[in-house]
Amino acid sequence: LSLSSDDLYGKFNRRWKRALLKASKLGVIVRSSELTDARLDNVLKSYSTLQKRNKFIGIDNKLIKELSKWKSPNWSFNLFVAELVCEGERNEEVGYRVTVRSGHTVLDFMVTTNEKGRQVEANSALYWHSIIQAKESGCRWFDVGGLSEATSKGIADFKKGLNGTPYQLVGEWRKW
């Protein structure tokens, strides 16, 4: 996150830039939100729906609830809400992203968007907003999560499109 916002954006591939432009043109706005119990319930309901529809296990709701309660100067659980601007009506929430800040690193923890959110590229807008917020809060790194042979092609392409700096963990080993 040491690059300027313009330089970070400049590193994105064409798919990413098109998605952000589309989200903007279609009226997607992203804002940071206070994490109330009611808001967390909405996020978890949306995430459960996504898990069922896409047939994956994901992060356990109990773990998410516990982590959301932690607070310290070096730890924060951050919620971002994507809304679609509706004329004459209240804006419609179309997606959520949760990041966790620990020290100088922000981890992309979970995301969920509904069908309308996917159509208007809310996920990309949520990602960009969370990256900018991490940068502005003084963080040095934004961890998009792992990539492996088991990562689906769509998710892998999405993450690779950021053109970040890949790294590999050494793994775990024990000496007997």
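The report below treats the sheet, a helix, the nonpolar cores and one arginine in turn.

The model is a predicted one. Its five strands form an open sheet in the order 1-2-3-4-5, with mixed pairing. At the edges lie strand 1 (28-33) and strand 5 (141-143), each of which pairs on one side only. On average, and with direction ignored, neighbouring strands of the sheet are turned by 25° against each other.

Strand 1 and strand 2 (residues 75-84) run antiparallel and are joined by six bridges. For S33, the bridge partner in strand 2 is L79.

## Helix 3

Helix 3 (residues 37-54) packs on the sheet, where it touches strand 1, strand 2, strand 3 and strand 4 (105-113). The direction of helix 3 makes about 70° with that of strand 4. Just after helix 3, K55 takes a positive phi of about 55°.

The buried residues of the helix are R39, L40, V43, L44, S46, Y47, S48, L50 and Q51. Their cover includes strand 1, strand 2, strand 3 and strand 4, together with helix 4 and helix 5 (115-119).

## Nonpolar cores

The largest nonpolar core has 16 residues, of which I64, F77, V98, F109 and M110 touch the most other members. Two or more residues are given to this core by each of helix 3, helix 4 (61-69), strand 2, strand 3 and strand 4. Apart from this core lies another, of 15 residues, among them F12, I132, C139 and F142.

Beyond its neighbours within four places in sequence, F77 is in contact with L35, I64, L67, S68, V98, T99, V100 and F109.

## Arginine 97

Where does R97 lie? R97 is part of strand 3 (residues 92-102). Is R97 buried or exposed? Its relative accessible area is 0%, and therefore R97 counts as buried, the limit being under 20%.

The side chain of R97 makes a polar contact with the side chain of D108, at 2.5 Å. With neighbours within four places in sequence left aside, R97 is in contact with N78, L79, F80, D108, M110, V111, N123, L126, Y127 and S130.

Methods:
Residues numbered from 1 in each chain as written. Predicted model: local features only at pLDDT ≥ 70, side-chain atom pairs only at ≥ 80, totals over all residues. Heavy atoms only, no water. Helix = DSSP H or I, 4+ residues; strand = E, 2+ residues; numbered from the N terminus. Buried < 20%, exposed > 50% of the residue type's maximum accessible area, 1.4 Å probe, protein only. Polar contact = N/O pair within 3.5 Å; in protein donor to acceptor, adjacent residues only side chain to side chain. Contact = heavy atoms within 4.5 Å. Pairing = 2+ DSSP bridges. Axes fitted to C-alpha atoms, helices over the stretch in contact; angles between N-to-C directions. Core = buried A, V, L, I, M, F, W, Y, C linked by side-chain atoms within 4.5 Å.
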